[in-house]
Amino acid sequence: MDLYTYYRSTSSYRVRIALALKGLEARHIPVNLIQDGGQQHRPEYRAINPQGRVPSLRTDDGALLIQSPAILEYLEERYPSPALLPADLLARARQRAVAAVIGCDIHPLHNVAVLNRLRGLKVDEAEVMAWIRHWIAEGFNAIEALIGDDGFCFGEPGLADVYLLPQVYAARRFELDLSHYPKIARVEALALAHPAFVQAHPDQQADKPA
């Protein structure tokens, strides 16, 4: 498989974690979202992903997939063991709820395209940063109440953690005060000691600038 990725893209980070948790190998093909005005805008990449975003996954049979939720669902269905979702229906729904808070309500509001649009509207940089922190905090307030009291989000590593860890990375990048989220901090600490999460971390990616 080929994964088109960018080291600090949170949605790419999700897919890297899932691949590592499942013990799957994928060749990483960097797409720099900053360099040369954004390599995702090049025609050759638009031919791979018409939306011009990362990640994209070329499967081992040559099919092209875009959007991290769809890629994660494909990986879970194609490679069901080890599973990212438990067998119990209610437990699966709880994992998906946390993933949706992040994937639908937090991350889209600090996506690079949204931030560039705000800056294009002449929004002051301090206000842009305040915007980012506001929406991450809104989501984290909900997640802190939703996740369990032990282990990862719901015990063993699962879909919720695949979404949460990249979002925590982004929260730290944007200097959000995380002292109000002890459960989230617990999950982060466990993940930072877990080989799959370490392997997928932005600091371990070959395309991270020196």
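Helix 7 and helix 8 are roughly perpendicular to each other, a term used for angles of 65 to 115 degrees, whereas angles under 35 count as roughly parallel, over 145 as roughly antiparallel and the rest as oblique. This is a predicted model, in which local features need pLDDT of at least 70 and side-chain atom pairs count only at pLDDT 80 or more, while totals for chains, interfaces and linings use all residues. Residues are numbered from 1 along each chain as its sequence is written, and side-chain values use heavy atoms, with hydrogens and water left out. Helices (H or I, at least four residues) and strands (E, at least two) are DSSP runs numbered from the N terminus.

**Annotated regions**

- An unreviewed UniProt entry assigns residues 1-83 to "domain: GST N-terminal"; UniProt positions follow the numbering used here, with shortened feature names, and annotations may be inferred rather than shown by experiment.

- Helix 7 takes in residues 159-173, and its 15 residues reach 22 Å from the first C-alpha to the last, close to the 21 Å expected at 1.5 Å a residue, the expected span being 1.5 Å times one less than the number of residues.
- Because 13 of its 15 residues are buried, helix 7 is largely enclosed by the rest of the structure; buried means under 20% relative accessible area, exposed over 50% and partly exposed in between, computed with a 1.4 Å probe on protein chains only.
- The axis of helix 7 comes within 10 Å of that of helix 8 (residues 182-192), and the two cross at roughly 100°; axes are lines fitted to C-alpha atoms, for helices over the stretch in contact, and angles run from 0 to 180 degrees between N-to-C directions.
- At this crossing, Asp-161, Leu-164, Leu-165, Val-168 and Arg-172 of helix 7 meet Ile-184, Val-187, Glu-188 and Ala-191 of helix 8, where contact means heavy atoms within 4.5 Å.

- Helix 3 (residues 68-78) has Ser-68, Ile-71, Leu-72, Leu-75 and Glu-76 among its buried residues.
- These residues are on the same side of helix 3, because they cover an arc of only 135° around the axis, the arc being that of the directions from the helix axis to the C-beta atoms.
- An α-helix has 3.6 residues a turn, so residues three or four places apart point the same way.
- The cover over the buried residues of helix 3 includes helix 1 (10-21), strand 3 (56-58), strand 4 (64-66) and helix 7.
- Helix 1 packs against helix 3 at an angle of about 10°, with the axes 9 Å apart, which makes helix 1 roughly parallel to helix 3.
- Ser-11, Arg-14, Val-15, Ala-18 and Leu-19 of helix 1 make this contact with Ser-68, Ile-71, Leu-72 and Leu-75 of helix 3.
- Pro-69 also lies in helix 3 but is partly exposed, with a relative accessible area of 33%.

**Tyr-13 in helix 1**

- Tyr-13, which belongs to helix 1, is buried, with a relative accessible area of 2%.
- Leaving aside neighbours within four places in sequence, Tyr-13 is in contact with Leu-165, Pro-166, Tyr-169, Phe-197, Ala-200, His-201 and Pro-202.
- Tyr-13 and Pro-195 are 182 residues apart along the chain, and their C-alpha atoms are separated by 14 Å.

**Backbone features in loops**

- The peptide bond joining Val-54 and Pro-55 is cis, with omega about 5°, and Pro-55 sits in the loop between helix 2 (43-46) and strand 3.
- A further cis peptide bond runs from Ser-81 to Pro-82, with omega near -5°; Pro-82 is in the loop between helix 3 and helix 4 (89-106).
- Asp-36, in the loop between strand 2 (27-30) and helix 2, has a positive phi near 60° although this residue is not glycine, and Asp-36 is exposed, with a relative accessible area of 55%.
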